[in-house]
Amino acid sequence: MTVERPEVTLAPGRHLAALLAVAAARILATRRPARIRQVLARLAAHAGPAGRAEVLAARQAVMAVSLTCRGARGCVPRSLATTLLCRAGGSVPTWCVGVRTVAPFGAHAWVEAEGEMVGESLPPGYLRALLRVDPGGAPAAAAAEGGWS
């Protein structure tokens with residue numbers, strides 16, 4: 001398996017911000033889902049929704065500085081780091097964790113902006129969100145319907 005390196009050139013400040021977001025995300029990714037949701041809800045409490053281009057740029061920056069985030073199993077730290085990097089800019093995407101809707105079972109974490117997954121090459125309906133944290137900080141109904149608590 002080869003891991004693609006995004007063709008992104010980052011300014012020194014953006015590079016440092018991406019590294020810090022990845023470091024924080026790797027720590028946060030080791031916490032229980034309820035704690036992750038709580039932290040993200042607080043960070044998103046007074047933030048507006050991030051635009052698709054902003055989220056894609058943050059995701060590319062995160063992947064440019066982290067081999068873990070580029071890997072197939074790096075979805076949780078990648079999505080968290082993308083969210084944290086966007087928050088540093090004043091807005092947040094919707095952070096989601098869910099499962100595949102087709103066999104075999106598989107879990108995945110991703111970010112959404114403007115109602116669509118950002119940076120994922122999956123068809124609509126392929127994943128079902130079990131946990132969502134939207135801009136404004138309120139966990140979405142998927143979490144309240146028996147999702148992680």
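Helices (H or I, at least four residues) and strands (E, at least two) are DSSP runs, numbered from the N terminus. The model described here is predicted, so that local features need pLDDT of at least 70 and side-chain atom pairs count only at pLDDT 80 or more, while totals for chains, interfaces and linings use all residues. Residues are numbered from 1 along each chain as its sequence is written, and side-chain values use heavy atoms, with hydrogens and water left out.

The axes of helix H1 (residues 12-28) and helix H3 (residues 52-65) come within 9 Å and cross at roughly 80°, where axes are lines fitted to C-alpha atoms, for helices over the stretch in contact, and angles run from 0 to 180 degrees between N-to-C directions. H1 and H3 are therefore roughly perpendicular to each other, a label for angles of 65 to 115 degrees. On the H1 side Arg14, His15, Ala18, Leu19 and Val22 meet Ala57, Ala58, Ala61, Val62 and Val65 of H3, contact meaning heavy atoms within 4.5 Å. By class, this contact has eight nonpolar, one polar and one charged residues; Ala, Val, Leu, Ile, Met, Phe, Trp, Tyr, Cys and Pro count as nonpolar, Asp, Glu, Lys and Arg as charged, and the others, Gly among them, as polar.

On a 1 Å grid over the protein atoms alone, a pocket is an open set of points with protein on both sides within 12 Å along at least five of seven lines, a cavity is a set of points where a 1.4 Å probe fits but cannot get out, and lining residues have an atom within 4 Å of a point. Strands E4 (107-113), E5 (116-117) and E6 (127-133) each supply at least two lining residues, and the largest share, three residues, comes from E6.

The structure holds one cavity of 30 Å³ or more. About 40 Å³ of space lies in the largest cavity, whose lining includes Arg59, Cys75, Trp110 and Glu120. The largest share of that lining, four residues, comes from H5.

Two backbone details remain. A cis peptide bond, with omega about -5°, joins Ala103 and Pro104, and Pro104 lies in the loop between strand E3 (94-100) and E4. Glu114, in the loop between E4 and E5, has a positive phi near 55°.

Notes: Angles under 35 degrees count as roughly parallel, over 145 as roughly antiparallel, 65 to 115 as roughly perpendicular and the rest as oblique. Grid points are joined across faces, edges and corners, and a volume is the space filled by probe spheres set on the points.
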